[in-house]
Amino acid sequence: MRNIEEFEEIIGYKFKNRELLTNALSHSSYANEKKHTGGSNERLEFLGDSVLSIVVSDYLYKNINVPEGDLTKMRASLVCEKSLFIFAQKIHLGEFMMLGRGEENTGGRERPSILADAFEAVIAAIYLDGGIVPVSKHILRFMPEDLAISKKPVFNDFKTLLQEIVQKNPEEKVGYYIIGEEGPDHDKRFVVEVRLNSQVIGTGKGKSKKEAEQFAAKEALELMGYEAQ
């Protein structure tokens, strides 16, 4: 694991409270194994997800003149696990992660779900330490230069597509529910149901909750007669 000062140089931000960054880089496996007093990065990930969404939404609204539906799809493609994994690789995030022995020995430093979550946690750490200006600068450096030209999302976001279909009937509500977990801690699979009101319309499994939700939405779309690729 490389030292934390190197990471600050890579991201171009020096922390006033370095404990925030240490926490952002601490995976739950490390926190549990070492009894880390600061805990894991899961709470920071929760906040970072929201900060990322508002910064990207603001950027798209101000720079891309397309309908709301297209903006939603573009945002989804930029904040999905696949994109965050790519962004995390650009700043060598995996080399700075603090992992438990099991995750370390099974390739956790290169696992997309771990890196995507940590990327959001770092966003939250910067936001808490310095506010919206430095975190916006950090996030926007990852926006594709040709975004205004290429308006097609980098992948199909099944959750967004399902939501758009359901919204045509305002009385209908979609919800995602974790119904189980499979496998050991270093290779866990989440099982998620997507429900239309109280009716199960799809089930998905994935290495992260977000991935499982996408597969559940994909199954729901296929059952509804939509071609999901």
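At what angle do helix 10 and helix 11 pack, and how far apart are their axes? Before I answer, a word on the source. This is a predicted model, in which local features need pLDDT of at least 70 and side-chain atom pairs count only at pLDDT 80 or more, while totals for chains, interfaces and linings use all residues. Residues are numbered from 1 along each chain as its sequence is written, and side-chain values use heavy atoms, with hydrogens and water left out.

Helix 10, residues 158-166, packs against helix 11, residues 209-223, at an angle of about 45°, and their axes are 8 Å apart. On the helix 10 side, F158, K159, L161, L162 and I165 meet E213, Q214, A217, K218, A220 and L221 of helix 11, where contact means heavy atoms within 4.5 Å. These residues divide into seven nonpolar, one polar and three charged.

I turn to a second pair. Helix 4, residues 42-63, and helix 5, residues 68-79, pack at about 135°, with axes 10 Å apart. That angle makes helix 4 oblique to helix 5. L52, S53, V56, S57 and L60 of helix 4 make the contact with L71, M74, R75, L78 and V79 of helix 5.

Finally, helix 8. Just after helix 8, G131 takes a positive phi of about 95°.

Note on methods: Axes are lines fitted to C-alpha atoms, for helices over the stretch in contact, and angles run from 0 to 180 degrees between N-to-C directions. Helices (H or I, at least four residues) and strands (E, at least two) are DSSP runs, numbered from the N terminus. Angles under 35 degrees count as roughly parallel, over 145 as roughly antiparallel, 65 to 115 as roughly perpendicular and the rest as oblique. Ala, Val, Leu, Ile, Met, Phe, Trp, Tyr, Cys and Pro count as nonpolar, Asp, Glu, Lys and Arg as charged, and the others, Gly among them, as polar.
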